[in-house]
Amino acid sequence: MLVRLEAAAYQAPTNLDWLAGGVAAYSAICTHLACTVRFSEEAMAGAPSAHIHCPCHAGMFDPRRGASVISGPPPRPLPQLAIKANDAGELVAAGAFQQPLGEAPPLRAGRSPAVGTTGSP
């Protein structure tokens, strides 16, 4: 997914070296349950400015801050992709995604979540 904002609008943890002008590229696969996310320039409840949202479970991401999670169930930000303009001025990938795409992997056998567990260690 390509997002165009003013270049000065991007902040950490966005990798500014991976932008092409004011354009950032993020995975369009939600990190919650792998639904397709959408970019919106319009404000809505919980997102006072441009944002990326997942219509399936109301997850919201901030494209200005590395597609970090604003609200909802996604466990992590959307991965960013390095892009550049080629000699013809077209935007192209400058490498591969460095983080896993889509939903978080399930817990491995023998592991349990730390929250809400009881009993001895």
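How many salt bridges does the count come to in this chain? The count comes to two, where a salt bridge is a side-chain nitrogen of Lys or Arg within 4 Å of a carboxyl oxygen of Asp or Glu. Before I go through them, some ground rules.

This is a predicted model, in which local features need pLDDT of at least 70 and side-chain atom pairs count only at pLDDT 80 or more, while totals for chains, interfaces and linings use all residues. Residues are numbered from 1 along each chain as its sequence is written, and side-chain values use heavy atoms, with hydrogens and water left out.

The fold, then. The chain has nine strands and zero helices; strands are DSSP runs of E of at least two residues, helices are runs of H or I of at least four, and both are numbered from the N terminus. Along the sequence the pattern reads β-β-β-β-β-β-β-β-β.

Next, contacts, meaning heavy atoms within 4.5 Å. Of the contacts with a separation of 6 or more, 45% are between residues 24 or more positions apart.

As for the surface, the chain exposes about 7400 Å², and carbon and sulfur atoms supply 55% of that. The areas come from the Shrake-Rupley method with a 1.4 Å probe, and for residues only the protein chains shown count as cover. Of the 121 residues, 33% count as buried. Buried means under 20% relative accessible area, exposed over 50%, and partly exposed in between, with a 1.4 Å probe and protein chains only.

Back to the salt bridges. Asp62 pairs with Arg64 at 3.1 Å, N to O, and with Arg65 at 2.8 Å, N to O. Asp62 is buried, at 6% relative accessibility. Arg64 is partly exposed at 23%, and Arg65 is partly exposed at 29%. Through shared partners, Asp62, Arg64 and Arg65 form one network.

Last, the largest pocket, with a volume of about 170 Å³. A pocket here is an open set of points on a 1 Å grid over the protein atoms alone, where a 1.4 Å probe fits, with protein on both sides within 12 Å along at least five of seven lines; lining residues have an atom within 4 Å of a point. The volume is the space filled by probe spheres set on the points, which are joined across faces, edges and corners.

Which residues line the largest pocket? Among them are Trp18, Arg76, Pro77, Leu78 and Pro79.
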